[in-house]
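Visitor: Could you take me in for a close look at a single part of this protein? I would like to hear what lies around that part.

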Amino acid sequence: MTARRASSAASSVLWCWTSCTPDAPSQARAALRCALDQLGFDGEVISDAVLAVSELVANATEHAVGPYEMRLRRTAAEVICEIEDHDPRIPKLPAVPAARPFSPAEEHRGGGLDALCALLSERGRGLHIVHELTKGAWGFTRETRSTKTAWLVLPVDASLLRTATVTRSDDGGRDEALESVDRSYDVDR
């Protein structure tokens, strides 16, 4: 999962932040949700991507040095979301279990509120969540001697894209439909 997906497409920066930015994962989710909506993605694809990127943003903010940058790159077959930080160390990836990572274990049943709180406070599940949500299409790459990028891939499936209608509000407060076109290949709008 550290191999880089080849791409010659230019990146568009969605959002930049520092370690002092309040609630960075929430702001990243909002920026990505808006961008994917404008690209024509819908429903579960957006929700899964937003949750996966939220995990990567939280990890970068907690474990790496800023400033940070979230970018989108569009190719003919996929949209790649990248999170760059200024720590070149690639994290050791935990082994992804063959079984579902959150299925209940008999030895952890019972125990009341204390056991539930202990289970919920466990850490180290974020990359497993990213793996599940992206179906394994994610990883890390070292960009320069001082940066690395976490990335995930969203396949472009024509059946998941909807047609976007671009509107403009005129001086009278009415929305005027300018065009109705497929914006699925227009990242740099």
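Guide: A term to start with: contact means heavy atoms within 4.5 Å. Helices (H or I, at least four residues) and strands (E, at least two) are DSSP runs, numbered from the N terminus. This is a predicted model, in which local features need pLDDT of at least 70 and side-chain atom pairs count only at pLDDT 80 or more, while totals for chains, interfaces and linings use all residues. Residues are numbered from 1 along each chain as its sequence is written, and side-chain values use heavy atoms, with hydrogens and water left out.

Let's look at helix 2, which covers residues 43–63, 21 residues in total. From first C-alpha to last, helix 2 reaches 31 Å, close to the 30 Å expected at 1.5 Å a residue; that expected span is 1.5 Å times one less than the number of residues.

Buried means under 20% relative accessible area, exposed over 50%, and partly exposed in between (1.4 Å probe, protein chains only). The buried residues of helix 2 include V45, I46, D48, A49 and L56. Together, the buried residues of helix 2 pack against strand 1, helix 1, strand 2 (68–74), strand 3 (78–85), helix 4 (126–134) and strand 5 (148–155).

For a view from helix 1 (residues 24–39), take L36, which sits there. L36 counts as buried because its relative accessibility is 0%. Not counting residues up to four places away in sequence, L36 touches F41, I46, A49, L72 and L154. L36 and S47 are 11 residues apart in sequence, and their C-alpha atoms are 9.9 Å apart in space.
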